Amino acid sequence: MDEEVKRKLDELFNAFSIVAEGSYVYLCNMKYDYSRWSKNAVDYFGLPSEYMLNAGGIWEDHIHPDDREDYVRSIENIFTGNDQGHDMQYRARAADGSYAVCTCRGVVIKDIDGSPLYFGGSIKNHGLISYIDTITGLRSLYGFFEDLRTMFWKKDEGIVLQVGISNFSSYNDIYGYSFGNRILQRFARLLQQKFANTGSVYRMDGTKFAIITHTLTEEQLAEKYEEIRYEVSSDFIVDANRVTLSVNAGLVKVDNFDISDKTVYSCLKYVYYESKNARLGALCTFNDALNDNKRKTIERLEHIRNSVNEGCKGFYLCYQPVINAEDLSLRGMEALIRWKDDEYGIVPPNDFIPYLEHDAVFPILGEWILKQAMTDGKKILEKYPDAIMSVNLSYAQLEKDGFVELVFNLLEKTGFPARQLCLEITERCRLIDTKLLYNIISIFRDYGIKVALDDFGTGFSTLGILREIPVDCVKIDREFVKNIENSLIDRNTVKCITDLASSFDVRVCIEGVESKEMLEVLSEYKATSYQGYYFSKPIPIEEFIENDFQNMIFGI
């Protein structure tokens with residue numbers, strides 16, 4: 001093998017190393033089966049050299065015998081062209097003979113003709129990560145994932161419960177972080193007492209904890225959770241101070257090992273936030289959230305989640321027109337995410353967004369949606385130069401560091417005008433600190449970006465958000481207009497909201513307009529714009545551009 005091959009391998013290896021902080025890097029020239037590995041990996045696992053022929057075979061000898069079959073099958077599929085990468089966990093033998101839990105992710109890099117050139121990626125050594133939470137002494141989030149993966153290796157059925165405190169920040173603000181830490185320590189002891197000899201307790205991120213049990217039933221877990229709710233709300237003493245805590249909990253039964261531990265965690269987070277946001281802290285189980293068809297839904301969710309990591313494969317945007325109330329001309333369009341593939345067909349957003357919002361992959365999808373909407377928007381503006389592009393945001397995006405800069409960077413890259421972008425936030429954004437939300441929205445509006453409050457009136461605190469957050473528009477949810485022709489309550493509700501918005505000098509968009517008769521009734525109120533199937537369902541960009549919305553006649 002000549003020096004040029006080695007030089008190119010080194011250049012690409014160095015590029016991988018820059019973005020793989022905290023992980024070992026490996027890179028294999030697939031033609032020659034010649035690899036380079038991080039020196040730290042060579043030292044830790046006792047490998048022969050940074051440069052190796054048949055590194056896959058050498059590494060195979062380090063894989064734990066119980067995990068080796070899956071590893072060998074994955075490598076064979078990669079080198080035969082059946083797979084384009086892998087994402088797997090296994091145990092690997094270190095130089096001292098002990099085994100470390102590793103997460104290995106890799107991709108195949110092809111040339112312009114589609115022929116495989118390199119297989120490269122990173123290995124995260126969980127043996128170098130702290131498995132003990134320093135505040136509570138419980139096993140940490142890393143320990144939780146290690147034990148969850150062990151359940152999958154052993155196919156050991158069990159139940160996972162996540163419990164969290166929702167009013168913790170108020171005690172932190174009043175008494176300080178030291179007292180807050182003692183609350184967490186006291187709560188951790190309570191959980192250990194409740195699940196002694198029946199389950200393992202973990203400190204997750206923030207104020208959330210988890211329990212894995214192989215002995216308790218769902219009914220027994222529900223009983224213990226109710227005991228916990230009662231104790232923390234009535235008789236919870238910390239440093240001689242009586243503390244009243246509000247808690248939430250979600251439960252997932254692990255009995256399907258054809259999925260991944262990441263999917264289980266996504267489902268766990270979903271039902272936890274279902275408990276927090278919609279059940280007032282009552283225990284929410286995964287079965288409750290999905291009714292029947294549990295297995296099919298989990299498999300589909302896993303498939304969609306993986307699609308995000310594959311460059312948002314299968315995702316696409318449709319656009320629904322927003323119509324001016326005054327003259328029924330086109331005001332703009334709302335970008336709406338969809339996903340489809342040959343196996344599952346078209347999947348609507350309500351079937352996957354609530355899960356992905358609580359998953360680490362969601363920022364990837366959120367960025368893709370924004371970029372695609374701006375890119376498509378440039379094409380739409382060629383025909384409708386005054387149109388406003390509306391894009392929905394998740395609170396998971398808003399609270400992520402660097403989100404404001406991300407939006408500005410995308411505007412610069414795509415060339416989409418900021419003054420014609422409207423970002424829609426939902427009632428769930430009440431979960432974000434109000435001051436943070438105010439600052440973010442103020443920055444956007446100073447830059448010319450418009451902000452709308454979606455699903456107005458459907459939550460507990462949208463009026464509070466309207467009072468405290470400087471939005472440009474509120475969107476009245478379709479639930480309030482679907483019986484507008486026959487319901488006095490609905491008509492009074494719409495009048496109340498439009499009058500309220502008008503008092504704040506905020507525009508109003510009414511969603512769910514589905515007929516001429518509905519439009520006739522709604523024309524009596526102070527709406528600025530309409531949206532609904534009467535004008536158009538959400539359609540692909542090609543169809544949107546082809547339609548002549550400016551000259552369509554919508555009679556009243």
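Residues are classed here as buried when their relative accessible area is under 20%, as exposed when it is over 50% and as partly exposed in between, with a 1.4 Å probe and protein chains only. The structure is a predicted model, in which local features need a pLDDT of at least 70 and side-chain atom pairs count only at pLDDT 80 or more, whereas totals for chains, interfaces and linings use all residues. Residues are numbered from 1 along each chain as its sequence is written, and side-chain values use heavy atoms, with hydrogens and water left out.

The model holds 26 aromatic pairs, a pair being two rings of Phe, Tyr or Trp (its six-membered ring) with centres within 6.5 Å, described as stacked for planes under 30 degrees apart, edge-to-face for planes over 60 degrees apart and tilted for the rest. Tyrosine 34 and tyrosine 51 form a stacked pair, because their ring centres lie 6.1 Å apart and their planes meet at 15 degrees. This pair links distant parts of the chain, since tyrosine 34 belongs to strand β2 (residues 34–37) and tyrosine 51 to strand β3 (residues 51–53), 17 residues apart; helices (H or I, at least four residues) and strands (E, at least two) are DSSP runs numbered from the N terminus. Tyrosine 34 is buried at 12% relative accessibility, while tyrosine 51, at 25%, is partly exposed.

An edge-to-face pair is formed by phenylalanine 145 and tyrosine 265, with 4.9 Å between centres and 75 degrees between planes. Phenylalanine 145 lies in helix α5 (residues 141–154) and tyrosine 265 in helix α9 (residues 261–278), so the pair ties together parts 120 residues apart in sequence. Phenylalanine 145 is buried at 16% relative accessibility, as is tyrosine 265 at 11%. Of the 18 residues of α9, 15 are buried, so the helix is largely enclosed by the rest of the structure.

Five strands make up an open sheet with mixed pairing, in the order β8-β9-β7-β12-β13, where two strands pair if DSSP finds at least two bridges between them. Its edge strands, β8 (200–203) and β13 (284–285), each pair on one side only. Strands β7 (residues 158–165) and β9 (residues 208–213) are antiparallel and share six bridges, and valine 160 has isoleucine 212 in β9 as its bridge partner. Helix α5 packs on this sheet, touching β7, β8, β9 and β12 (247–254), and its direction makes about 25 degrees with that of β9; contact means heavy atoms within 4.5 Å, and angles run from 0 to 180 degrees between the N-to-C directions of axes fitted to C-alpha atoms, for helices over the stretch in contact.
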